[in-house]
Amino acid sequence: MNQIVLTEEYQRLHKIIKGGVSVVKEMAEAMTQMKEGKHYRSAGFKTFAEYCEDKFDISPRQARRYMLTAPVKEQYEIESERAAEKLLQVPEELRDEVVDRAKTRMGGTITAPMIEDMHEEIVAENERLEDDGTKPRPSLDDFDSIRGDLVRAGKKLNALHESTAGAHIRLTNVRPSLLNALSYLEAKRPEHVCYACHGRGCKVCKDTGWITNEILENRPEGF
Ligand SMILES: [Zn+2]
């Protein structure tokens, strides 16, 4: 009797694991139950590793990885397996910040290289803070917010142009001004640590320690 119950449980879990490649979370939970409850035994497998290798041709290490990445994927709403693995390598206390930044920059979709970049960036910032006299990275929130405002203004303008009220508007006269404002602000974001003072403040960076893409690209030879 006990044997039958175990077999049913085996079949139930096995079915979930087999079909679960797209529903990784469910799969990982079933795997955990399969392993911890030793349900694989009822199908004649001596170990969980043997079950994984025989049934799925995956190593126990891979199976363990699925079980580890599933909770991270759920918690941070990450879809990519590789991104979740990468995030597991980030110290727990930095994960929130890493994911926050990655989502802001990528507009929601997170990739493994992005997580690596954001992690490096945060580690570098923390090192700089402990360092001497370097200025912290200025917040770019207002840049982001104004960009959003301008994009919205552009959309409203289009709608107005198509309405009766906006009948006298010539888009070709006004759109370039909006686009000009957008591209000007994009070019003025302080994205890099100043090459001249390494972030301590100088004339080049207007004593902020940070410079734009444009300034970095036009730096004198030798830097
Ligand atoms: Zn400087």
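Predicted model: local features only at pLDDT ≥ 70, side-chain atom pairs only at ≥ 80, totals over all residues.
Start with helix H5, which spans residues 81-88. Four of its residues are buried: Ala83, Ala84, Lys86 and Leu87. They sit on the same side of H5, because they cover an arc of only 160 degrees around the axis. The general rule for such a pattern is simple. An α-helix has 3.6 residues a turn, so residues three or four places apart point the same way.

Move on to helix H7, residues 112-130, and find Met118 there. Is Met118 buried or exposed? Met118 is buried, because 24 other C-beta atoms lie within 10 Å, and the cut-off for buried is 20 or more. Now look at its surroundings. Setting aside neighbours within four places in sequence, Met118 is in contact with Val98, Arg101 and Ala102. Arg105 and Met118 are 13 residues apart in sequence, and their C-alpha atoms are 9.7 Å apart in space.

Next comes the loop between H7 and helix H8 (141-162), where Pro138 lies. Pro138 counts as partly exposed, because it has 13 C-beta neighbours inside 10 Å; a residue with 12 or fewer would be exposed. Which residues does Pro138 contact, leaving aside neighbours within four places in sequence? They are Pro190, Thr208 and Trp210. Take Thr208. Along the chain, Thr208 and Pro138 are 70 residues apart.

Key
Residues numbered from 1 in each chain as written. Helix = DSSP H or I, 4+ residues; strand = E, 2+ residues; numbered from the N terminus. Arc of directions from axis to C-beta. Contact = placed C-beta atoms within 7 Å.
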